[in-house]
Amino acid sequence: SYWESTSNWEHWQTTHPHASFNDILQHVKDWNFYQSGDLNNMLIAEDIYYGGDWAELDERLFAKNVLSMDLGATRLFKALNLLPDLQDIDSDANVEAFLALFKAVQEMIGKELLPDIIIFEHLCCKVLRALNDKIIVF
């Protein structure tokens, strides 16, 4: 159950004090939450990452994870024709495109409004929803 699987969270955190985001994400995936897919696992891992003192986020690896899920942010990049390689969705070329747009937007609006790539990924999902005329929930 959920409560049994999270009861060892504190132990995992103390035995992995400088875990990377990918370590956290893999740990969340290992919990095997009932009906929890890639997006939910990513959101939980992001919350855990924000709530702790972990290793510095590897933006390249984060971008690769986001692209490989092929959900909101990736679909926005596809809709805007920003991915150079549609055959290999998490290719180095696509990761570079994701990082380049993140850096460009961050430079335009500032780190106060776009502090990190996690927020950029959320922003991409919201922009996609707006383009699709859907209700945006923050």
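This is a dialogue on reading some features of a predicted model.

Trainee: What is tryptophan 54 in contact with, leaving aside its neighbours within four places in sequence?

Mentor: Tryptophan 54 is in contact with Trp9, Trp12, Gln13, His16, Pro17, Ala19, Ile24, Ile48 and Tyr49. One of these, isoleucine 48, also has its backbone oxygen 3.1 Å from a polar atom of the tryptophan 54 side chain. Another, isoleucine 24, touches Trp12, Ala19, Ala45, Ile48, Tyr49 and Trp54, again not counting residues up to four places away in sequence.

Trainee: How do I read a whole helix in this way? Which residues of helix 6 are buried?

Mentor: List the buried residues, then see what they pack against. In helix 6 (residues 72-79), Gly72, Ala73, Thr74, Leu76 and Phe77 are buried. The buried residues of this helix pack against helix 5 (59-69), helix 7 and helix 8.

Trainee: Now the surface. Which residues make the nonpolar surface patch?

Mentor: Leu80, Leu82, Leu101, Leu123, Val127 and Leu131 make a patch of about 450 Å². Helix 8 (residues 117-131) gives the largest share, three residues. Leucine 101 has its place in helix 7 (residues 92-109) and is partly exposed, with a relative accessible area of 30%.

Trainee: Next, charges. How many salt bridges does a search of the whole structure find?

Mentor: The search finds four. For each pair, note the distance, then where the two residues sit in the chain. Arginine 60 and glutamate 96 meet through their side chains at 2.3 Å, N to O. Arginine 60 is in helix 5 and glutamate 96 in helix 7, 36 residues apart, and the pair links distant parts of the chain. Arginine 60 is partly exposed at 43% relative accessibility, and glutamate 96 is partly exposed at 39%.

Trainee: What are the closest N and O atoms of lysine 64 and aspartate 90 separated by?

Mentor: They are 3.8 Å apart, and the pair forms a salt bridge. Lysine 64 lies in helix 5 and aspartate 90 in the loop between helix 6 and helix 7, so parts 26 residues apart in sequence are tied together. Lysine 64 is partly exposed, with a relative accessible area of 31%.

Trainee: Where does serine 91 lie, and which side chain does its side chain contact?

Mentor: Serine 91 lies in the loop between helix 6 and helix 7. The serine 91 side chain makes a polar contact with the side chain of aspartate 85 at 3.3 Å. Serine 91 is buried, with a relative accessible area of 7%.

Trainee: How should I read phi?

Mentor: Most residues other than glycine have a negative phi. Aspartate 70 lies in the loop between helix 5 and helix 6 and forms a salt bridge with lysine 78, the closest N and O atoms being 2.9 Å apart.

Trainee: What is phi of asparagine 81, and is asparagine 81 buried or exposed?

Mentor: Phi of asparagine 81 is positive, near 55°. Asparagine 81 follows helix 6, in the loop between helix 6 and helix 7. At 64% relative accessibility, asparagine 81 counts as exposed, whereas aspartate 70 is partly exposed at 26%.

Notes:
Residues numbered from 1 in each chain as written. Predicted model: local features only at pLDDT ≥ 70, side-chain atom pairs only at ≥ 80, totals over all residues. Heavy atoms only, no water. Patch = residues over 30% accessible without salt bridge, like charges linked within 9 Å, V, L, I, M, F, W, Y side chains within 5 Å. Areas by Shrake-Rupley, 256 points an atom, 1.4 Å probe, with all protein chains shown as cover. Helix = DSSP H or I, 4+ residues; strand = E, 2+ residues; numbered from the N terminus. Buried < 20%, exposed > 50% of the residue type's maximum accessible area, 1.4 Å probe, protein only. Contact = heavy atoms within 4.5 Å. Polar contact = N/O pair within 3.5 Å; in protein donor to acceptor, adjacent residues only side chain to side chain.
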